[in-house]
Amino acid sequence: MPSKAASPGDPDEIAGPLTRAATFLLVRIDSGAEGVVADFLPDLPGLRRSVGFRSLTGGLSCLVGIGSAAWDRIYGGPRPAELHELPVFKGDRHASVTTEADLLFHIRADRMDLCFELETLIMARLAGAVTVVDEVQGFRYFDARDVLGFVDGTENPTGRAAREAVYVDDDGAFDGGSYVVVQKYLHDMTAWNALSTEEQELVIGRRKLSDVELPDAEKPADSHIALNVVTDDEGNELDIVRDNMPFGRPAYGEFGTYFIGYAKSPVVIERMLENMFVGSPPGNHDRILDFSTPHTGALFYVPTADFLEDPPEEAPAAKEEEPAPAEEEPERVAEPDDSLGIGGLRETAE
Ligand code: HEM
């Protein structure tokens, strides 16, 4: 019997250790295919177990996020109270972007082959029912550095503090879930590399080699970490859990950071984005944006594994309509049990 913490979709895994590899997959649900997705989601934990058990040390996990519009299409009935579309944050110099995506699959493991295999099985089941919006394969870079060369993740809360930061705890049936924001950033490495190491340190707010935070007197107000420490009315720091991953294709000049942040309330992450793009005070934007451009952006609610496997009674609107073609689709794809299902994946990608 698998432990609860090892089930996909269980936000216990959000607070787990960083992995060496990750896949970030965003898809849109095709019109009329909501029933296929609703049938698939309860099976996701089993698929994750099938792949994960083949490597006991691989640490495979899979969290699925459901977007605001998709929620009503899949589940109907009550909604997570704070689930909404991610707003655009627009300042004098920089603006964030939003991406139309219904589902996020955040697949993590210590080996990319495990992520690859699970993604293949997921896509085989969803072939013909979803349109891929974006797929990024991230890797851990030396001592958890981003491609800008700085250690990324140091101030993440751990243990109990991490659990308190990410689990919804005041929303009835949605307690134990979490909210997640993703943004895919591409970096201008030519401009970044033209800075001296000392200038780069002023952009981030930490020393590059040692990862030590700059003293307050030296840390500029527009440095990344100065703008990302947000507090409540009583001055308590509001934490999020980040699991950013570098990605890229050097031959194509592509160098990126896939930002992913989990929190019990999306408001915390949105305050950080407001500080970064609009500035705090307005105009004092995050210098990291002078070298980093967001190409995607979306917000999702991540249900618990229990919710995924045993969703509430309300019939999904689409299931009531029983769209015949979408219901038939899974029967026609490659058999995930005894093949890699690569044929099914290729069909979808083309
Ligand atoms: C800290 C990189 C985007 C929130 C950091 C640090 C680095 C970094 C190197 C310092 C080490 C650490 O504590 O992790 C990046 C890069 C980004 C990015 C390369 C994309 C271009 C974001 C976004 C948010 C964010 C979009 C929030 C919406 C934070 C927070 C901290 C942090 C909360 C910790 C601040 C503290 O408590 O000191 N980031 N980050 N980052 N970042 Fe980012």
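Me: Over residues 143-306, what is the helix content, what is the strand content, and how far apart are the end C-alpha atoms?
Reply: In this predicted model, the chain over residues 143-306 is 24% helix and 21% strand. The UniProt record, an unreviewed entry, places the feature "domain: Dyp-type peroxidase C-terminal" at residues 143-306. Over that range the end C-alpha atoms are apart by 35 Å.

Me: What is the mean pLDDT of the protein chain, and over which residues is the pLDDT below 50?
Reply: The protein chain has a mean pLDDT of 89, and 86% of its residues reach 70 or more. Where pLDDT is low, the predicted coordinates should not be read in detail, and this caution applies to residues 326-350, where pLDDT stays under 50 although the model has 43 contacts for them beyond four places in sequence. The other stretch with pLDDT below 50, which has 12 contacts in the model beyond near neighbours in sequence, is residues 317-322.

Me: Why is helix α4 described as largely enclosed by the rest of the structure?
Reply: Helix α4 covers residues 112-126 and reaches 21 Å from its first C-alpha to its last, close to the 21 Å expected at 1.5 Å a residue. Its buried residues include Leu114, Cys115, Leu118 and Leu121, as well as Glu117, Glu119 and Arg125. Helix α4 is largely enclosed because the buried residues number 11 of the 15.

Me: Which residue with a positive phi follows α4?
Reply: Helix α4 ends at residue 126. The residue that follows the helix has a phi near 85°, and this residue is Gly128.

Me: Which residues stand opposite Ser178 in β10 and opposite Leu186 in β9?
Reply: β5 is joined by five bridges to β10 (residues 298-302), and the two run antiparallel. With β9 (residues 292-294), β5 pairs over three bridges, again in the antiparallel sense. Ser178 stands opposite Val302 in β10, and Leu186 stands opposite Thr293 in β9.

Technical notes. Residues numbered from 1 in each chain as written. Predicted model: local features only at pLDDT ≥ 70, side-chain atom pairs only at ≥ 80, totals over all residues. UniProt positions renumbered as here; feature names shortened; annotations may be inferred. Helix = DSSP H or I, 4+ residues; strand = E, 2+ residues; numbered from the N terminus. pLDDT = per-residue confidence, 0-100. Contact = placed C-beta atoms within 7 Å. Expected span 1.5 Å × (residues − 1). Buried ≥ 20, exposed ≤ 12 C-beta atoms within 10 Å, placed from the backbone. Pairing = 2+ DSSP bridges.
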